[in-house]
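Reader: Hey, I'm new to this and could use a hand reading a protein model. Can we just chat through it?

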Amino acid sequence: MNSLHIGIAGAGLAGRTLAWRLLRAGCRVSLFDSRPRGALDTASMTAAAMLSPLAELAVSDEAVFALGQRSMQLWPRWIAELAEGGGEPVYFRQEGTLVVAHAPDQASLAHFTRLLHHKLPDACRAQVHNLDAAGLAQREPALAGRFGGGLFLEGEGQLANDQWMAALAGEIDRLGGQWHEGQAVDRVEQGRIVCAGGAHAVDVAVDARGVGSKAQWPAGNPLRGVRGEVLRVECYGVTLLRPVRLMHPRYQLYVAPRPGHQFVVGATELESEDTGPVTLRSMLELGSALHSLHPAFGEARVLRLSAALRPALDDHRPAIVLRGGVWHINGLYRHGYLCAPALVDELAHKLLAADSQEDSHHDDDNES
Ligand SMILES: Cc1cc2nc3c(=O)[nH]c(=O)nc-3n(C[C@H](O)[C@H](O)[C@H](O)COP(=O)(O)OP(=O)(O)OC[C@H]3O[C@@H](n4cnc5c(N)ncnc54)[C@H](O)[C@@H]3O)c2cc1C
């Protein structure tokens, strides 16, 4: 049993996953969040939760790619470990991703393919497969006859983020985590979490409040919110076995299948911190992309349109930083689910290693 008491501000993907790992390691954990655990308006609950190290490399870099590749190994293990607690199973698939384009948008697909080959490490090139129309139809029968071909990105996957977040909450309770639900954190300081009702003393404080900790980030490395919107539908007329990305000269959209004939269609990316409802324009873009993938989606029932802010740093890399005696995990941007296991694992090891050395020394602005 580890005697370390860790206070975590923010019970989104980062804070909640970290709390679970630390509880498993025997720590005492206090978790604080201004929202109830099932609130839908966070990035973590809005995300499509595509796990796409290859496809995302086109818009990210080798650091995110490496975190993603490592996380793809951890996800199945962690999901199995989570199930050991007896909670509901979490939907997770690793059947690869398809990338397709309509005839007028073939140039976008060709550019994406070149970019991928240019950025991918040699060892991973074999994960990219060019498909002709027959190969595409074989992989994804619902798309037979609809596209002249496409790309198959082997090893990519997706999970049901709402199930992951709910299962974590159950495990945190079972393992004795102290969840201060609906408690807004004013400040996170060395050795304490400060809420309106008073300060809570902890051995180590972690700030995982996403955009909620914007004020804690220095002007030289600012944190901002990047708005994203997704559409969730239910449709019995189409079966997809894996996520499909649709290339378009102005935006890239994807359709991720979920249990119960549901599909998550995402995602817009707007340089805005507006947290208001989804706009008509975004709804039309997401909806028309879905309909263009297969006409049977015309009869899909709209279940939810949601918007949230992705916490992003200027270099678009996630960061683990020790500043003023407080650990920060933030900047997960559009790769939170892709990178979370590797990042959380890294931070948990740092916290546990510091404890085992009884090391009270804190190097400020240590970044990784
Ligand atoms: C539309 C959209 C689509 C996405 N799709 C994908 C995808 O396909 N694949 C992928 O890998 N990633 C995706 N992401 C990104 C991913 O969702 C985020 O990177 C990740 O969820 C960020 O998690 P977080 O815990 O850092 O932040 P958040 O989810 O924002 O969680 C922060 C938590 O802190 C709490 N909080 C805030 N302020 C306070 C306060 N003052 N006091 C107490 N609590 C506070 C909040 O209530 C919240 O629970 C997507 C994001 C969006 C918005």
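This is a predicted model: local features need pLDDT of at least 70, side-chain atom pairs count only at pLDDT 80 or more; totals for chains, interfaces and linings use all residues.

Reader: How many bridges join β3 to β8?

Author: There are 2 bridges between β3 and β8, which covers residues 157-159. Within that pairing, Leu 51 sits opposite Gly 157.

Reader: Switching topic: which residues come nearest the ligand?

Author: Gly 12, Gly 210, Gly 212, Gly 228 and Gly 336, out of 42 residues around the ligand. By class, that shell has 22 nonpolar, 14 polar and 6 charged residues.

Reader: And which helices and strands each supply at least two residues of the shell?

Author: Among them are α1 (13-24), β14 (223-234), β18 (301-313) and α9 (336-356).

Reader: Let's take α1. Is it mostly covered or uncovered?

Author: Mostly covered: 11 of its 12 residues are buried. The buried ones include Arg 16, Leu 18, Trp 20 and Arg 21. From first C-alpha to last, α1 reaches 17 Å, close to the 16 Å expected. After α1 comes Gly 26, with a positive phi near 95°.

Reader: What about β14, who does it pair with?

Author: β14 pairs with β18 in the antiparallel sense over 12 bridges, and Gly 228 stands opposite Ala 308 in β18. β14 is also joined to β17 (residues 262-266) by 4 bridges, again antiparallel. There, Val 233 faces Phe 263.

Reader: Why is β14 called largely enclosed?

Author: Because 9 of its 12 residues are buried, the rest of the structure largely encloses it.

Reader: Last one: how many residues are in the largest nonpolar core, and which have the most contacts inside it?

Author: The core has 106 residues, and Leu 18 and Val 265 have the most contacts inside it. α9 gives the largest share of this core, with 10 residues.

Reader: What does Val 265 touch, leaving aside its neighbours within four places in sequence?

Author: Its contacts include Val 230, Leu 231 and Val 233, along with Leu 253, Val 255 and Leu 286. Ala 289 and Leu 290 are in contact with Val 265 too.

Note on methods. Residues are numbered from 1 along each chain as its sequence is written. A residue is near a molecule or strand if its C-beta atom, placed from the backbone, lies within 6 Å of it. Ala, Val, Leu, Ile, Met, Phe, Trp, Tyr, Cys and Pro count as nonpolar, Asp, Glu, Lys and Arg as charged, and the others, Gly among them, as polar. A nonpolar core is a set of buried Ala, Val, Leu, Ile, Met, Phe, Trp, Tyr and Cys residues joined through C-beta atoms within 7 Å. A residue is buried if 20 or more other C-beta atoms lie within 10 Å of its own, exposed if 12 or fewer, and partly exposed in between; C-beta atoms are placed from the backbone. Two residues are in contact if their C-beta atoms, placed from the backbone, lie within 7 Å. The expected span of a helix is 1.5 Å times one less than its number of residues. Two strands pair if DSSP finds at least two bridges between them.
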